[in-house]
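Please look through the structure below.

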Amino acid sequence: LGALYNSRGKAGKAGGMSFWDTQNISAKMLSPARYSTFGQISYPFNPLINGGLMAIMNPSDGSAYLGPSIEASLGDNLYCMFISQMFCGKKNTEFGEYGKLFFLRFRYSFQI
């Protein structure tokens, strides 16, 4: 669990940042919101399946980012991971206008 305080951040609706707007990204401006909370948890359901969930919430405007994932071992050195990025909130909130993204990753490890 964690919390972020940005003295330059907005206390009301933070308004989303554009994916293409890289001019305002810096270590001093990690989020346009004044306050953000963060949490992450993972759990090995069994030796072959591991699940996780991370979340970032802006308590000022009620928007949130959720990132669930699940990884499974399909065999020796072969893994499959399903990842989702879900942005939730109303218009003009920090996370409200990005939608939902889903990814599937296959990984094969080998030795030479």
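A salt bridge is a side-chain nitrogen of Lys or Arg within 4 Å of a carboxyl oxygen of Asp or Glu. This is a predicted model, in which local features need pLDDT of at least 70 and side-chain atom pairs count only at pLDDT 80 or more, while totals for chains, interfaces and linings use all residues. Residues are numbered from 1 along each chain as its sequence is written, and side-chain values use heavy atoms, with hydrogens and water left out.

The strands come first. Helices (H or I, at least four residues) and strands (E, at least two) are DSSP runs, numbered from the N terminus, and two strands pair if DSSP finds at least two bridges between them. Strand β4 covers residues 63-75 and strand β5 residues 78-88, and nine bridges join them in the antiparallel sense. Within this pairing, M81 in β5 stands opposite E71. The hairpin of β4 and β5 has two residues between the strands, and N77 there takes a positive phi near 65°. On to the next strand: β5 also pairs with β6 (residues 100-108), again antiparallel and over nine bridges. Here S84 has F102 in β6 as its bridge partner. In a regular strand the side chains alternate between the two faces of the sheet.

S109 is found in the segment after β6. The C-alpha atoms of S109 and N77 are 5.0 Å apart in space, although the two residues are 32 apart in sequence.

How many salt bridges does a search of the whole structure find? There are two. Side chains of opposite charge can pair when their charged atoms come close. In one salt bridge E71 meets R105, with the closest N and O atoms 3.6 Å apart. E71 lies in strand β4 and R105 in strand β6, so this pair ties together parts that are 34 residues apart in sequence. R107 also forms a salt bridge with E71, at 3.6 Å from N to O. Because R107 lies in β6 and E71 in β4, the pair ties together parts 36 residues apart in sequence. Through shared partners, E71, R105 and R107 are joined into one network.

Is E71 buried or exposed? Buried means under 20% relative accessible area, exposed over 50%, and partly exposed in between (1.4 Å probe, protein chains only). E71, at 18%, therefore counts as buried. R105 is partly exposed at 37%, and R107 is partly exposed at 34%.

R107 has a further contact: its charged end sits over the ring of Y79, 4.5 Å from the ring centre. For such a contact, NZ of Lys or CZ of Arg must be within 6 Å of the ring centre and within 35 degrees of the ring normal.

The aromatic rings come last. Rings of Phe, Tyr and Trp (its six-membered ring) pair if their centres lie within 6.5 Å; planes under 30 degrees apart count as stacked, over 60 as edge-to-face and the rest as tilted. The structure holds seven aromatic pairs. In one of them, the rings of Y5 and Y35 have centres 5.5 Å apart and planes at 45°, so the pair is tilted. Y5 belongs to strand β1 (residues 2-5) and Y35 to strand β2, and the pair links parts of the chain 30 residues apart. Y5 is exposed at 52% relative accessibility, whereas Y35 is partly exposed at 42%. Y43 and F45 form an edge-to-face pair, 5.3 Å from centre to centre with 70° between the planes. Ring pairs also link Y65, F87, F95 and Y98 into a cluster.
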